[in-house]
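Trainee: I am new to this structure and would like a close look at a single part of it. Please take me through that part in one connected answer.

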Amino acid sequence: MHTSYTELAHRISEGHRLTRDEALEILSADDAATFDVVHAASTLRHQHFGNTVKVNYLVNLKSGLCPEDCSYCSQRLGSAAEILKYSWIKPEEAVRQGSLGVVGGASRICMVASGKGPSDRDVDRVSRMIEGLKESNPDIEVCACLGILKDGQAQRLKQAGADAYNHNLNTSEDHYAEICSTHSFSERVATVNQAHDAGLQACSGLIVGMGESPEQLVDAVFSLVELDSESIPVNFLMPFEGTPLEGTWELTPLKCLRILSMVRFAAPDKEIRMAGGREMHLRSLQPTALRVVNSLFLGDYLTSEGQSAVDDLRMIQDSGFVVLGAEDRDLVAEHEAYLQAHQQDLSDADTGAEESTAPAQAVAPCGQVASCSKENGASGSVPLTIRRRGVGTSVAPNA
């Protein structure tokens, strides 16, 4: 079968739903055809989102110390990755950290905590954080990500002011047992459904590059479509040293573009986010990916460092896009001025963490790569750098 990608995009814009065969053909396109795929996908992106990019910002409320064995995760049970480890940060520190993301242009703050799922006490704690952030930033969206939910917990988060709940499916149902044994795919699906039933937007996505077949990748994406996930973050595996997937490098920049395009064809009107690992896998093609996706995380991730926040904002601006909610502002200039005016205040801040077991290590200035970075061995690759700044540290965040 040979597909005209432009014609396929036109049919989808008129109501056609992508088939599995069409999805597989997009994934199998050769490198020379990849930019044709991207161009076609970009027409769907523009139809639904124009030239806006939604900026999200992560706050890691509790790092490491997780009893689950997800093989991709640096926070997993038995992980030897030398990440920051700390218990719950104080509510006022969560509000402060989230507010720094707002200054950087984020319209959604994602509050994340490691663990299988929250206790009722944890839900109360996060609810106070949400209420505090909403009080100081009434127009901001808040997305909670606390793991597998128990009955009634989604409703309590909604009552506190949460707008969305994130719980990624990560991979297909028939591949899930290869990735995690301490909880099931069906538990993840149930949590996404609970979020929907409570009136929260469902944010659920995947991680690619974990040994899944093209068929399994398509199955995962179609499961997300069937769940009606309003926001689909696409993470690219970061193979942390000390985890079972250490040394797994299956992705190229062009393959990543085909994956993102396939997701756009499958979910043309959904927020699609290029998430963790974009810097090391898309590399110089990140601006091209903005032609397909309409969302990204600003700055650092949960346990690893991301691209400089200023560079993120400049990339959006230079590519002809505008940040959603800040269309008439020069966020690059604002951000640089804010950092210059507040750098000492940020550097002197209390970490707000109840405890920290992170090893002492040299810290690079905000936006630079630390000397402890490990190259993945591929030519032109971007290092995977453990986060040593922001929440849980006394160093200014990369917000």
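Is phenylalanine 297 buried or exposed, and at what relative accessibility?

Mentor: The model is a predicted one, and what follows should be read with that in mind. Phenylalanine 297 has a relative accessibility of 8%; the cut-off for buried is under 20%, so phenylalanine 297 counts as buried.

Next, the ring and its partners. A search of the whole structure finds 2 aromatic pairs. One of them joins phenylalanine 297 to tyrosine 301: the ring centres are 6.4 Å apart and the planes stand at 90°, which makes the pair edge-to-face. Tyrosine 301 is buried too, since its relative accessible area is 7%. Phenylalanine 297 also has a charged residue at its ring, because arginine 273 lies over the face of phenylalanine 297, 4.8 Å from the ring centre.

The other aromatic pair is made by tyrosine 176 and phenylalanine 185. Their ring centres are 6.1 Å apart with 65° between the planes, and this pair is edge-to-face as well. Tyrosine 176 and phenylalanine 185 are both buried.

Back to the chain around phenylalanine 297. Strand β9 covers residues 295-297, and asparagine 294 sits in the loop between α12 (286-289) and that strand. With a relative accessibility of 4%, asparagine 294 counts as buried. Leaving aside residues up to four places away in sequence, asparagine 294 touches Arg45, Phe49, Thr52, Val53, Lys54, Arg264, Lys270, Glu271 and Ile272. With isoleucine 272 there is a polar approach: a polar atom of the asparagine 294 side chain lies 3.0 Å from the backbone nitrogen of isoleucine 272. Valine 323 is 29 residues from asparagine 294 along the chain, and the C-alpha atoms of the two are separated by 9.6 Å.

Helix α10 takes in residues 253-266, 14 residues in total, and its first and last C-alpha atoms are 20 Å apart, close to the 20 Å expected at 1.5 Å a residue. Of those 14 residues, 13 are buried, so α10 is largely enclosed by the rest of the structure.

To return to the ring: phenylalanine 297 is buried, is paired edge-to-face with tyrosine 301, and has arginine 273 over its face.

Terms used:
Residues are numbered from 1 along each chain as its sequence is written. This is a predicted model: local features need pLDDT of at least 70, side-chain atom pairs count only at pLDDT 80 or more; totals for chains, interfaces and linings use all residues. Side-chain values use heavy atoms; hydrogens and water are left out. Helices (H or I, at least four residues) and strands (E, at least two) are DSSP runs, numbered from the N terminus. Buried means under 20% relative accessible area, exposed over 50%, partly exposed in between (1.4 Å probe, protein chains only). Contact means heavy atoms within 4.5 Å. A polar contact is a pair of N or O atoms within 3.5 Å; within protein, one must be able to donate a hydrogen and the other to accept it, and residues adjacent in sequence count only if both atoms are side-chain atoms. Rings of Phe, Tyr and Trp (its six-membered ring) pair if their centres lie within 6.5 Å; planes under 30 degrees apart count as stacked, over 60 as edge-to-face and the rest as tilted. A charge sits over a ring if NZ of Lys or CZ of Arg is within 6 Å of the ring centre and within 35 degrees of the ring normal. The expected span of a helix is 1.5 Å times one less than its number of residues.
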